[in-house]
Structures are given as C-alpha cells and as structure tokens.
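Work through the exercises below with the sequence and the model open. Try each task before reading its solution.

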Amino acid sequence: MELTWWVVAIAGCLGLASCIAAVLLQQKRSQHRRLRLLANVGRLTRLPEYRRAARLRTLSAVAAIVALTVIFGASVIAAARPVGLPSAAKQSQGVQAEDIMLCMGGPPADPAVRATLRYFAEQVTAFGTQRIGLTSADRRIVPLTRDYQFAAARFNAYAAASEQPGDAATWVSGISYVNYAGGVEDVMAMCLTGFPSSDEEPAQRRSLIYVGPGSLRAPGDTRPTLFTPDAVRGLAEDAGVQINVLFTETPNGALDAVARESGGRSFSPNSNTVADLTEIRDHPPPPTAATDGAVRATETPDIPVIVALVALIGLVLWPLVVRR
C-alpha cells in the first residue's frame, strides 16, 4: 500500500501521540491526589456484584479504546488517499483507458463530418475512462479531455452551426501561403501531436479517426507540404496510435496503407458513416503492455472506510450487548 498524502498520516500519528501523552500526564496528576479512605472497602470489593461490575467497566473501557483507535487510524489512512489496496472500483468496462482524437480534414458542413460529430456527442455520455479530443487542420478545437459535457456541447454546437444557411461554422483560419500548401498528411500530423508523450506512464491506448477527403490540395498545386505518408507512419508508430480513416472523397492509397498497418480501418467515400464509426469503436486498439487490462482505480480507500464503519457500528452497539 502507498499513500498519496503522507503529511496527513504523519499529522494523524502526531495527534494520536499527543492524546496518549495527555492521558498519561493526567494519570500522573491523579496519583498525587489524596483520596479519603472508606470503611469496609475490602469487604465491598470482595462482593461478586462489585467484581462483575469492575470487570465489565474495564472491558468496556478497553473495547472503547480499541474501537476509537481503529476508527481514528482507518480515517487517517482513508484521508491520506491510499493506493494499491483491493477495491471494488475498477475502470469502466474493466479495460484500459483510451485516448480518442477526432481528426477533421473536411469542414463541419460535410455530411460525414457532421455525422461524426453527432455520433460522438451521443457516445461520450457513456464514456468512463476515455479521453476525447477534436482537431482540425490548424487548431485544437477540443484538447484531450474527460469533461464529456464540454466535449458533447462543442460537437453539437459545430454540427448545429453547420446546418445554418451560409455555413457559419468553420474551424480553419483560411490563411494562404506562397511557399506552402497543407495536405492531408499535415492535418494528420497536427492531430497526432495532440496525444501526450509516448512514454507517458501509464501509457494509454490511442486512436485517431480521420474524416475528410484523401487530398486537400488543388489539382496542379506544386507547393510543398511538411509531411509525407511515411512521416505520418513514423509519428503513429512512435506514439502507438491506431489510425482510422473515413474518406469523404478522393481516396488516398498511401494513407489507407498507413491505417491498416497501424491496426486501424479505412473506409471509402459514400459509405455509411455511423456504421463505419461503430465498426471502428468495436475494434479499439489492443491494451498496451504497460498496464494490466483490468486497471483499478487510482485511489483505493474501500478497506479503511469499511473498517472504520464496522468499528463505529460496534462501538454504538456495545452498550446494547452489555445490557444483555
């Protein structure tokens, strides 16, 4: 067992030691007092009723001291946030946590993009340990987060705005460069940089879902791009990311190969977006070797809390047991 807040445990031990010292000091003071002698003390203390009452009083005092000490110790351990104890709380669905990055190469008005936003706006309400994010060609719209209400609100907002006349929803700057023209590979590289460092402990499963055309460059455009399919493949391998691609138009054979090599799936244009997303979510990345498939909760205060409750119940019920 490990404690997250050792200072709480130390403060509890010091408090308990102070209480014990105060009791011992009080006993020493009591011993110096002169008590008035009573007549026939020896005969009274030999009575069976007196001995029974004395034993019961001593037993009750010992039981109260033990119960209060157990309650105090268990409460201090629980407040110190223990880690590593058995716990009934496991991560959702008993599987390793997962990072999901939605990578949008198309505009919000694209039917496939809009369907993807609607799909995950509904799905995030059932998430438990996953983090989800949203990235476009040149901005991180939703960084990886477990704030599912915030993510769902953003997804729904863009999906709803894209349905308004004039396509009011946009998530790219629209800046044009003389010596650079962004490609699909650049967009995917931008999305891949949204994942934490690949050596993060414990490592999360990582999944990227690209939705957009297979090419973002105008025909005949000779301006260079920053990334190639091989560079995207290298980034995905280094970060341990499963790439999935939903092409809305002009399939890209190189990216199709990258997706399949990463263990993901690739879908051609004009397919059923919801069905494709369901298939992707039905085949998530396999658990990484860094953590077990059944990951327990970070904090495990179950046993200390149960022990404290049992001791408290015993302390409350003790007078009823004594009366019988």
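Predicted model: local features only at pLDDT ≥ 70, side-chain atom pairs only at ≥ 80, totals over all residues.

Residues are numbered from 1 along each chain as its sequence is written, and side-chain values use heavy atoms, with hydrogens and water left out.

**Exercise 1.** State where Ser136 lies and decide whether Ser136 is buried or exposed.

Solution. Step 1: find Ser136 in the loop that runs between strand S4 (131-135) and strand S5 (140-145); strands are DSSP runs of E, at least two residues, and helices are runs of H or I, at least four, both numbered from the N terminus. Step 2: Ser136 counts as buried because its relative accessibility is 0%; buried means under 20% relative accessible area, exposed over 50%, partly exposed in between (1.4 Å probe, protein chains only). Step 3: list its contacts (heavy atoms within 4.5 Å). Beyond neighbours within four places in sequence, Ser136 touches Met104, Ile141, Trp171, Val172, Val187 and Met190.

**Exercise 2.** Determine what share of the 324 residues in the protein chain is buried.

Solution. Step 1: apply the under 20% cut-off for buried. Step 2: the share of buried residues in the protein chain is 34%.
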